[in-house]
Amino acid sequence: MTLRDPATHEPGGETPRARPLILRATPWLVAGLLASLAAAAWYVSTHDPAPASPGPTAAADVDAANVAASYVGTASCAACHADEHARWQSSQHAVAMQHATGETVLGDFSGVRQKHAGVTSEFFRRDDRYVVRTDGPDGRLAEFEVRYTFGVYPLQQYLVELPRGHVQALPYAWDVRPKAEGGQRWFHLYPGERIDHEDELHWTRRQQNWNYMCADCHSTAVRKNYDAASDAYATTYEEISVGCEACHGPGGRHVALAQAAAERGATLQQSGFAVTFDERRGVGWVIDPATGNAKRTTPRTTEKELDVCGQCHARRSQFSDDYRPGDPLLDHYRGSILSAGLYHVDGQQRDEVFNWGSFLSSRMYAQGVTCSDCHDPHDGKLRAPGNATCAQCHDAAKYDSPDHHFHAAGSAGAACAACHMKPETYMVIDGRHDHSFRIPRPD
């Protein structure tokens with residue numbers, strides 16, 4: 001089932017406009033240790049609930065194999081999974097892409113003008129529409145209506161629709177940070193560079209095309225639907241933002257099975273999803289007093305979370321529109337791993353590589369750590385504040401100490417991530433932590 005968004009259809013029965021567009025947003029933040037965990041502590045996983053107690057099963061005539069694996073939308077999940085839904089609503093996934101409205105547009109469209117490389121652009125409103133006057137595909141000034149917002153923090157981008165279904169990201173972004181941090185301003189994404197309409201990096205061309213570059217990670221179940229003969233897109237998605245089914249897969253079977261079980265007072269015995277995130281279920285991390293480091297009680301033998309997160313949190317090229325959670329990531333994407341230009345010589349991130357490739361090179365990955373050991377999968381936040389996330393597995397008495405980090409307790413330099421997850425800044429203001437967890441090498 002393809003959800004056709006009414007907002008993409010013009011009044012009066014005209015031809016539907018193309019699907020929205022998005023930029024990868026926000027990479028993940030991770031941090032280190034709090035001086036409260038004693039050596040030899042257990043960290044018991046809470047990501048997945050314990051297996052359900054025995055009870056009556058759902059009706060025999062309701063078989064997951066006989067129910068279509070259709071998309072039902074995030075709203076269908078909220079009634080039974082209220083806590084997870086509430087946390088998701090506070091996440092950047094929930095607002096990865098939105099229609100441009102008074103509630104979603106954060107930038108100043110009050111007639112502000114910006115000049116870059118000889119081109120003066122203006123941001124203004126016309127009735128309830130948001131409009132940008134800037135250089136178009138032919139290099140001439142023209143007006144373009146903002147149809148979608150892309151991302152939310154620390155910057156927000158804006159998408160417009162061009163002919164043949166092409167959705168493009170404008171060259172200016174709004175700095176969402178507080179004014180005291182240098183925010184609340186428009187800035188050009190390529191400062192100091194002169195990029196005209198013939199340059200591949202111009203906002204009207206392929207490298208800034210939402211359908212090709214961005215959509216797959218900012219919306220749910222995207223189909224590019226590109227026609228090479230006409231150079232046209234008829235891109236669709238099931239949900240405009242990154243919803244539940246982007247990670248869990250189509251929810252139709254799950255909903256049907258859950259409803260049937262509820263009607264009979266039965267216990268749901270099969271989820272109906274192609275993937276179950278059980279890699280942390282019943283698992284603990286025991287800190288060895290001799291080393292101050294923890295070891296997983298049972299080895300991790302699958303890549304479920306890494307594959308699902310990696311579909312978007314990886315530098316990769318896509319050769320299939322058919323990825324569904326539960327599939328091996330590399331059946332649909334070609335991941336970029338350690339290579340010159342993308343990474344520094346010691347393996348730390350250099351270019352915009354996101355997290356997957358870096359993490360695969362880490363000792364954390366080798367020891368069985370997975371994404372939700374550090375991040376809550378529904379709101380994206382760290383499991384604990386400050387250095388406490390790292391203290392789950394690294395003895396705070398040993399590591400969260402000036403004897404280890406050589407900085408004053410509580411200072412910025414004392415943060416685990418400051419040394420072991422050196423940040424790089426992308427898109428002018430977006431600082432992202434390296435996920436290879438290297439030991440600092442000043443040379």
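1. A nonpolar core is a set of buried Ala, Val, Leu, Ile, Met, Phe, Trp, Tyr and Cys residues joined through side-chain atoms within 4.5 Å; buried means under 20% relative accessible area, exposed over 50%, and partly exposed in between (1.4 Å probe, protein chains only). The largest such core here has 18 residues, and Phe109, Val146, Tyr158, Leu170 and Trp186 touch the most other members.

2. A word on the source: this is a predicted model, where local features need pLDDT of at least 70, side-chain atom pairs count only at pLDDT 80 or more, and totals for chains, interfaces and linings use all residues. Residues are numbered from 1 along each chain as its sequence is written, and side-chain values use heavy atoms, leaving out hydrogens and water.

3. Now look for ring pairs: Phe, Tyr and Trp (its six-membered ring) pair if their centres lie within 6.5 Å, with planes under 30 degrees apart counted as stacked, over 60 as edge-to-face and the rest as tilted. The whole structure has 13 aromatic pairs. Phe109 and Phe123 are edge-to-face, because their centres are 6.0 Å apart and their planes stand at 85°. Phe109 counts as buried at 6% relative accessibility, and Phe123 does too, at 2%.

4. How do Tyr226 and Tyr233 compare with those cut-offs, and what kind of pair are they? Their ring centres are 4.7 Å apart and their planes at 40°, so the pair is tilted. Tyr226 is partly exposed at 42%, while Tyr233 is buried at 12%.

5. Finally, ring pairs link Phe109, Phe123, Tyr130, Tyr158, Tyr172, Trp174 and Trp186 into a cluster.
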